[in-house]
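Hi,

Here is the structure I promised to send over. My notes follow below it.

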Amino acid sequence: MKKITVSGLLKKKQAGEKITSLTAYDASFAKMFDEQGIDALLIGDSLGMVLQGESDTLPVTIEDIEYHTRSVRKGTERAFVLADMPFMSYATPEQTYANAAKLMAAGASMIKMEGGSWLCETIQGLNLRGVPVCGHLGLTPQSVHVFGGFKIQGREADKAEKLLAEAKALEAAGIQLLVLECVPSSLGKAVSEALSVPVIGIGAGNDTDGQILVMHDMFGISANYMPKFSKNYLAETGDMRKAVQQYIAEVQSGAFPSPEHSFE
């Protein structure tokens, strides 16, 4: 199958085809997801919670992400590979450039950062230096202590308007993808329609351009809890490969996420 690129993901949005993505942290699972036809794999700082047993993502280091990115890349032939920039690894543009270079050298095709318009200068600088960027708005887990917990974002009209404005600012700065997490479905739709770049939702309704789930949640094996926006596909299929196939099929058809996995 043809290798997925950022331009290929954009063509999917333009054609109205849903983008499918999962987190991955090692070569074996990356290979399995890749063979089932997943479009994109994210080496997420979620590894702090699902692999390391932490209560949040903050303890994850750039070295952790770099290590797991190398592992995932070795198991991937066609899927698009993104890597998270962990907490406080992109506090300044210069720091960001150095850390992004590590992840790109490890095998990422794009890096992902959480935050709004304060990142615009950094995004522009990364683009000039050949580094593609994925933004992340809504519930940004690295800001969990600012939010006072893992809470739905953008429910109030003024906050929804601010998030939409931030999304437009990020696009103007040069992001080529946006992850939108834990927002009302109506806001997920509004952001997806307002941006020309693909919007990948996680708890953002089924009107976004694609979906992403943490692989441990999709298999129902997360150590802490099952988020409302996730679904245990392994319990339904009894087989990991079939679980991934069903997830892909339901995202592509628009069956997932259903209202029970979304927020109003």
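The expected span of a helix is 1.5 Å times one less than its number of residues. Helices (H or I, at least four residues) and strands (E, at least two) are DSSP runs, numbered from the N terminus. This is a predicted model: local features need pLDDT of at least 70, side-chain atom pairs need 80 or more, and totals for chains, interfaces and linings use all residues. Residues count from 1 along each chain as its sequence is written, and side-chain values use heavy atoms, without hydrogens or water.

Helix 5

Helix 5 (residues 93–106) has 14 residues, so at 1.5 Å a residue it should span 20 Å; its end C-alpha atoms are 20 Å apart, which agrees. Its buried residues (under 20% relative accessible area, 1.4 Å probe, protein chains only) are Pro-93, Thr-96, Tyr-97, Asn-99, Ala-100, Leu-103 and Ala-106. Their cover includes helix 4 (62–75), strand 3 (80–84), strand 4 (110–114) and helix 6 (120–128), where contact means heavy atoms within 4.5 Å. Gly-107 follows helix 5, with a positive phi near 125°.

Leu-82

Leu-82 sits in strand 3. It counts as buried because its relative accessibility is 7%. The C-alpha atoms of Leu-82 and Gly-107 are 8.8 Å apart, though 25 residues separate them along the chain. Leaving out residues up to four places away in sequence, Leu-82 touches Ala-40, Leu-41, Leu-42, Ile-43, Met-110, Cys-134 and Leu-177.

Helices 8 and 9

Among the residues that meet are Leu-163 and Ala-167 in helix 8, and Leu-187 and Val-191 in helix 9.

Best wishes

Definitions and conventions. Buried < 20%, exposed > 50% of the residue type's maximum accessible area, 1.4 Å probe, protein only.
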